[in-house]
Structure formats: C-alpha cells, structure tokens
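This report describes one protein model and the ligand that comes with it. Please look at the sequence and the structure before reading on.

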Amino acid sequence: MDLTKIDLNHIAIIMDGNGRWAQDRGLERTAGHAAGEESLSKTIHWALENNLKWLTVYAFSTENWMRSSDEVEFLMFFNRDLLIRRREEFNNLGVRFHFLGDLDDEKIPVENKVLMSETEKQTSSNIKLNLVFAFNYGSRDEVHKSIEKFTNDHDSNVNVELVSDKFRNYMYIPSMPDPDLLIRTAGEQRLSNFLLYQLSYTELMFFKTLWPEFCEDELNQAVEEFSKRKRTYGKA
Ligand code: IPE
Ligand code: IPE
Ligand code: MG
C-alpha cells in the first residue's frame, strides 16, 4: 500500500493503555511500557512498508512528571535504552529521528539529552520516514514558548497578518506537516495536551485496544476508515 496515494502522509499516535495492560496481568505498570516497545516497532516497520512520510508518537507529556518517581525514572531510562538498542536498525532503514518537546528542561537527565541530540544528527540525512518522538511535550507549553520566541524577535511590530504568516516558524519543528490522522488507543477520547494547534483539521480515531496489543490489523483498519472519510476543510 502506498499511503501517499490517499493523501495520508502523517499519522500521529497517542500510545495509551500501557499501565492498564500491566495491571490486568498483575504486573507493575512499568512492565506495560516495556511491552509497548513491540507495538512501536511494528508500527514503524508498517509505516516504512506503506510509504508513510511522517509518524509522530506521544512518548512522554509535560504532565507525566506528576507520576510516581519510580515510573518517571523508569520512563527516562526506558526511552534512552530504547534509542541505544534500536536506533541503528532504524537508521539503516532510512528513518530520520526528531524529538518534539521542551528538550532543554532541567528535569530531563543529561544522558537522555545527549542521546536525543546525537540521534537527530546521526539520522539527519535520512529521507524514507520522519519519526517524531514527542518527549516532554505539551501543546500549551509549545504555544507559550513559541509566543515568547516570536515576540522577542519582533518587539512591538506584532500584528495578526505577521503572526499567521510566521508563527509556525517558532514552533518546535517548523518543517513538520499537520497530521492527517490521529489515533489514540485504550478507549480514552481526549487529546491530553497533544498537538492542539496542529490537529485543527486532522481525522480522529479512537481504538479500545491497549497500546501493547495494538498491531498492523488496527493500522490497516484505520487506513481503510481514513480512505472513506471526506475532508472538506470548511468548504461545502
Ligand atoms: C501511556 O500509557 C504511556 C505513557 C503515558 C508514557 P499509560 O501509562 O498512560 O497507561 P494507562 O493509561 O495508565 O493504562
Ligand atoms: C497521554 O497519555 C500521554 C502519552 C501517551 C505519553 P496520558 O495517559 O498521560 O493522558 P491522560 O492522563 O489519560 O489524559
Ligand atoms: Mg494513560
């Protein structure tokens, strides 16, 4: 399948339900995050096979710091361990990594910061798939930070035409196109501070499947459903 033929270039995913998956099995919540790696890997391979150009996954939100210190510590460790173990495999397949979020935050361990910036550089000439990890990402935070940078650059000369023309240049990844499709797993039907500006005209889909059980079947179902939707962008 060539997804560009149905104008499906960017899929964003809220990977939710890891904790519930683990709790259902009497395991620690962190075991659910570890189990989610397989779904992520399958999704990336599926994206490569189907010529998807952008895949954005929500890995850690600006609100996730409010979880227990054990879980936060595990997630920081897990995210860097995953990069160490898997980046070569995906680099060889033509995947360009991006990290979307407040990456300067002092709460992020320095080892994670170094790895993220190294991985972005190492893969920067790859063109097959742009893989965006939303990490320490919050949409309101992104908008607030963009406003700060924008106004610092423009002093008092700000007007609505200038803002609508140039605002995106101040967001975390100016080259990132808006998602065509948003998928959230695990039954919750909310955005949880994810890409609020960018999702204005995105098709939304919610699956009951918990993230560690999400696989190609659901992705193919989502594509099938997407191909039936008519996107009118306000036109009649
Ligand atoms: C999503 O799964 C992963 C992260 C937020 C890092 P959850 O950990 O939110 O799983 P549930 O929603 O508690 O089941
Ligand atoms: C959103 O899921 C964040 C990630 C998937 C990384 P949450 O589980 O944190 O969101 P809420 O608490 O259900 O809104
Ligand atoms: Mg959750």
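Which element supplies the largest share of the shell around ligand 1? The largest share, 3 residues, comes from α1.

## Basis of the report

The model is predicted, so to speak of a local feature a pLDDT of at least 70 is needed, side-chain atom pairs count only at pLDDT 80 or more, and totals for chains, interfaces and linings use all residues. Residues are numbered from 1 along each chain as its sequence is written, chains are lettered from A and ligands numbered from 1 in the order in which they are written, and side-chain values use heavy atoms, with hydrogens and water left out.

## The shell around ligand 1

The shell includes Met15, Asp16, Gly17, Asn18, Gly19 and Arg20, where a residue is near a molecule if one of its heavy atoms lies within 4 Å of it. Arg29, His33, Ala59, Asn64 and Arg67 are also among the residues around ligand 1. Both α1 (18–24) and α2 (29–49) supply at least two residues of this shell. Helices are DSSP runs (H or I, at least four residues), as are strands (E, at least two), numbered from the N terminus.

Oxygen atoms of ligand 1 lie 2.8 Å from a polar side-chain atom of Asp16, 2.9 Å from a polar backbone atom of Gly19 and 2.8 Å from a backbone N or O atom of Arg20. On its own, ligand 1 has 380 Å² of accessible area, and the protein covers 87% of it; such areas come from the Shrake-Rupley method with a 1.4 Å probe.

Is strand β4 (residues 129–137) mostly covered or mostly open? Strand β4 is mostly covered, with 9 of its 9 residues buried. Buried means under 20% relative accessible area, exposed over 50%, and partly exposed in between (1.4 Å probe, protein chains only).

Strand β2 (residues 54–61) runs parallel to β4 and is joined to it by 7 bridges; two strands pair if DSSP finds at least two bridges between them. In this pairing, Ser61 stands opposite Tyr137 of β4. Strand β3 (residues 95–100) is also parallel to β4, with 6 bridges joining the two. Here Val95 stands opposite Leu129 of β4.

## Glu203

Glu203 lies in strand β6 (residues 203–206). Why does Glu203 count as buried? Glu203 counts as buried because its relative accessibility is 15%. The side chains of Glu203 and Arg229 are joined by a polar contact of 3.0 Å. A polar contact is a pair of N or O atoms within 3.5 Å; within protein, one must be able to donate a hydrogen and the other to accept it, and residues adjacent in sequence count only if both atoms are side-chain atoms.
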